[in-house]
Amino acid sequence: MKIRLGLLLSLIVPVLLGLFLEIFMADQDSHLYRRSLLLLVLGVGCYAILNGALRYMRCRKRVADAVVEEAEEEQLAEKPLLNKQRDPLISSRELETEASPGSNFTTVQYIQLEGNRSKSQEIDEDLHSRQLAVYGREAMRRLFASNVLISGLNGLGCEIAKNIVLAGVKSVTLHDEEDVQIWDLSSNFFLSEGDIGKNRALACLQKLQDLNNAVTISTITEKLSKEHLSNFQAVVFTDATLEEAIEYDEFCHNHQPPIAFIKSEVRGLFGSVFCDFGPEFTVFDVDGEEPHSGIVASISNDNPAAVYCIDDERLEFQDGDLVVFSEIDGMNELNDGKPRKIKNVNPYSFTLEEDTTNFGRYEKGGIVTQVKLPKILRFKTLEVSLKEPGDYLLSDFSKYDRPPLLHLAFQALDKFRHDLGRFPIAGSKEDAQRLIDFVTNINLCLVEGKLEEIDDKLLQYFASGSRAILNPMAAMFGGIVGQEVVKACSGKFHPLFQLFYFDSVESLPAEPLNADDLKPLNCRYDAQISVFGSKLQKKIEEAKVFMVGSGALGCEFLKNLSLMGVCCSQNGKLTLTDDDVIEKSNLSRQFLFRDWNIGQAKSTIAAAAASSINPLTHVEALQNRASPETEDVFNDAFWESLSVVINALDNVNARLYMDMRCVYFQKPLLESGTLGAKCNTQMVIPHLTENYGASRDPPEKQAPMCTVHSFPHNIDHCLSWARSEFEGLFERTPNEVNNFLSNPEEYALSMRNAGDAQARDLLERVYEFLEKERCETFEDCVKWSRLKFEDYFTNRVKQLTFTFPEDSLTSTGTPFWSAPKRFPRPLQFSSCDPGHLQFIMAASILRAESFGIPVPDWAKNPKMLADVVDSVLISDFKPKKDAKIVTDETATNLTAASIDDTDVIEDLIAKLEACVKRLPPGFRMCPIQFEKDDDTNYHMDFIAGVANMRARNYSIPEVDKLKAKFIAGRIIPAIATSTALATGLVCLELYKVLAGGHKREDYRNTFANLALPLFSPVAPKEIKHRDMKWTVWDRWIIEGNLTLSELLKWLSDRGLGAYSISCGTSLLYNNLFASHNNRLEKKIVDLAREVAKVEVPSYRRHLDVVVACEDDEGNDIDIPLISIYFR
């Protein structure tokens, strides 16, 4: 305030002086008059400079879509802080000083750490690319302009805050009046023992800021008033009383504009969420899915009209959808862009609710596209919802009767805390009965929806664990609530409407717990002990866990496991492996990493972060890929020592391998995965459930090669072709050139031995690069790029339409260019077209890089580049009459073989041998490996440019570079919230696995879109034979160094006739081959060494064989893998 007053005076004094001089001395000395004006200018200038500096140095509170008024700022600045006048917006350094243990720092009412996002709200696409793939730019911009309040920094509050900060809102304000207690350490990963006694919000502040420097983080540690809420778009309460929540919600509901209000609680193994986004909330995109479309094959002139689509892909429309038509020839009336309702949807047809009798006759073509309309939701207040809850969101259909009871239980717990000033004591029958009485009384007062029966046992569980906030529950609900905040701020996805209750009582140990086992031990796990008991806590700490992967899932798992105390004793051990390194795009979800960790090993950094969360975590970080090649590292002894395996992988092949090993060694496997807002978990429990590999998703449908190469009909085809061209031009062929130059004689010999069309094709490309199209200057690269444009987008199209004119017919007499084929048009190059010039720029720069040619500054100047490219001479193109263009959709190779391949290969080899002599000494090319996440390398510029020019050829809608990156880069959409939900659910299952003794129906598999049901696992298929039965989980172990005949007898004694025995990929025995009878008396181990070339390593005691058998009736029967322990 004093500084601002001083600056104000520095302006006023010279201005007044200048005015005085002007009035009284205008007719006097002209020199003095000029000096007065100079003084006036200097005064104003000084004020502007100093005031600008002051504004730069002072942190200022940011409010969405508004600027804080100076009067409000001064009023805030005058609030008491440390009993003296000072600016309440302190820097992080000041905060560390003030909050040090030796200081007299007691109460802070408002502290803020300023983020560094620019005012233009620009989205860092490298950082947020996976999140952008889920939300899109518009939703992200709305999110980036939002301010969020989170009240209650318990374990749930910190999880919500973490997810929101990672999402990248404008600001997050943390409110908490409570101090850190030891119980907080079991669920809040921002806290350590050194934080006990500090304010929870302040203790979390700096670590939250470290997650995302673009977000402004603030704290409020005084009692929250309704007026505080006016500055936010969304507010979340995790520990408010019902009375407070009703008051806050009423204010938010009636505020203009409404403020989204969310109340959530986690109490032991129970949780709740309530959402109120105001009287009228607009959802811009209900499900986040791309609008579905189809290619029209025919439309009838009827009332209603029948629309048939090609059977290339099934229609994803639903009855009642609105659709629009485009590109229809003949029935042009439908091209007006008007949304039309459809019904009677079948896989390849639907009925249009419109009379087309008098429309033009349909001729050909047409695209039908789903129209997605905004949805208006009208929310009820909390006070109304408590009395009239309406429909509850169900998470488990087997618990359909739980939500009404839990609705009363949470109200009863609030009354218990209000009347007794505390939570029920864990294991106390008296406290449980008090809570049951409260529930009974609330139920009796209900006018509608009164419960006929009350489950006392469930309420006893609820009361006993109600003080505890368990980390898995906090992680799960942190994901759910975090997503609701994103919905409130962005209008993306359908909100939770309005009440959700969840419980996981099946996670409790199968054996009853006694009160003594639930007593606190004054340790960081007391909250968990109060629910599960100290005996299970010991098992948790002594577990031996193998976790594969430390990316987004892995970071969440490591945090959860550290807080739970998994592997936190000397007898326990967590083995973590991941061969990947940290990239910038990881930072928006993989929250254990920071920007200074980019390029470092994920597993090493993640393990160190886990140890900082819980110093007792016993973790070993490895950089080995879990695969057959590392079975000497992860050997039999390692596998046999494990308690459980946790997958945190991102590809199916690795999952299948881990599944196979877990089945082999009979180890539980906890599997999970995410895709945007969707997530799934699968519990693979020996002898109880299916294994992961027992059911597989159908493979993704691949477009035929001829479609991608010559007949694209969507942007995916264009991008697939562009990606292939990039790799061919800048990676594969330069590598091939270097292979040739490294040893020309050996390379020539290999091509002669191959002698096929592929060898001819490779040699032609190498010759083009080294002779016909070799570049020595950047101008050469520009010329090559211009000629490549002409080849790609003009000449090839001219050749295609020459070979297949627009009126061509197939052998059956139908039009060749019928749906889904689109007739192409050649492009006319223009340096004035930004798309054309962008292609030239990207192609030239990449070509120069691959030839090791420096890129001049003018290369990135569009005007100068246009001058150079316009000087390139282009020859007239003449189509070939005998050109072969593949139209067979089953073809896998577009290179046609010819009878003279051998002669052509010899000629090319001779030309290359002569060419080598003309190359500079030591010449090598520089292959370029595709990297999608670097926007400065021109990789995506080239691919997007090629795809969009090709799209223009075929009249396909173009896409921007970001969309192109998603498709061509095969980016998997990912957000922090769904990852948190998945890992929280998995860790609830981990309690069951480590406790043991649970039934199949106690385990849960999850398929969720942050609001979808849970499903019980499927039992493994059981095979029965005589008095035996087995599943995929079984493995038959035979001790001794058996001969082949001894193994056959062992099987025969059990009614199994073995007709084939194999080891690896080699056949050791088959009864159809008489020569195999000579092997009967040989040891199986010796046969494997001799026939299969298998050497059993010293660390392994056994050999595995696969046996094909028939039962007593001659029917094939699958038997388990047989392990012969010969050592």
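At 1% relative accessibility, E556 counts as buried, where buried means under 20% relative accessible area, exposed over 50%, and partly exposed in between, computed with a 1.4 Å probe on protein chains only. Before I go on, please keep in mind that this is a predicted model, in which local features need pLDDT of at least 70 and side-chain atom pairs count only at pLDDT 80 or more, while totals for chains, interfaces and linings use all residues. Residues are numbered from 1 along each chain as its sequence is written, and side-chain values use heavy atoms, with hydrogens and water left out.

Now, what does E556 meet in a salt bridge? Its partner is K162, at 2.5 Å from N to O, and by a salt bridge I mean a side-chain nitrogen of Lys or Arg within 4 Å of a carboxyl oxygen of Asp or Glu. This pair links distant parts of the chain, since K162 sits in helix α6 and E556 in helix α16 (residues 552-564), 394 residues apart; helices here are DSSP runs of H or I with at least four residues, strands are runs of E with at least two, and both are numbered from the N terminus. K162 is buried as well, with a relative accessible area of 0%.

Let me stay with helix α6 for a moment. Its 13 residues, 155-167, should span 18 Å at 1.5 Å a residue, and the end C-alpha atoms are 19 Å apart, which agrees; the expected span is 1.5 Å times one less than the number of residues. Of the 13 residues in α6, 13 are buried, and just after the helix G168 takes a positive phi of about 95°.

Helix α28 can be checked in a similar way: its 15 residues, 939-953, should span 21 Å, and its end C-alpha atoms lie 22 Å apart, which agrees. In α28, 14 of the 15 residues are buried, and S955, just after it, has a positive phi of about 55°.

Returning to charged pairs, the structure holds 64 salt bridges, and one of them joins K226 and E247 at 3.9 Å, N to O. K226 lies in the loop between β6 (216-220) and β7 (234-237) and E247 in helix α8 (residues 242-254), so the pair ties together parts that are 21 residues apart in sequence. Buried or partly exposed, which describes K226? K226 is partly exposed, with a relative accessible area of 30%, and E247 is partly exposed too, at 40%.

Finally, D239, K263, E265, R267 and R417 are linked in a network of salt bridges.
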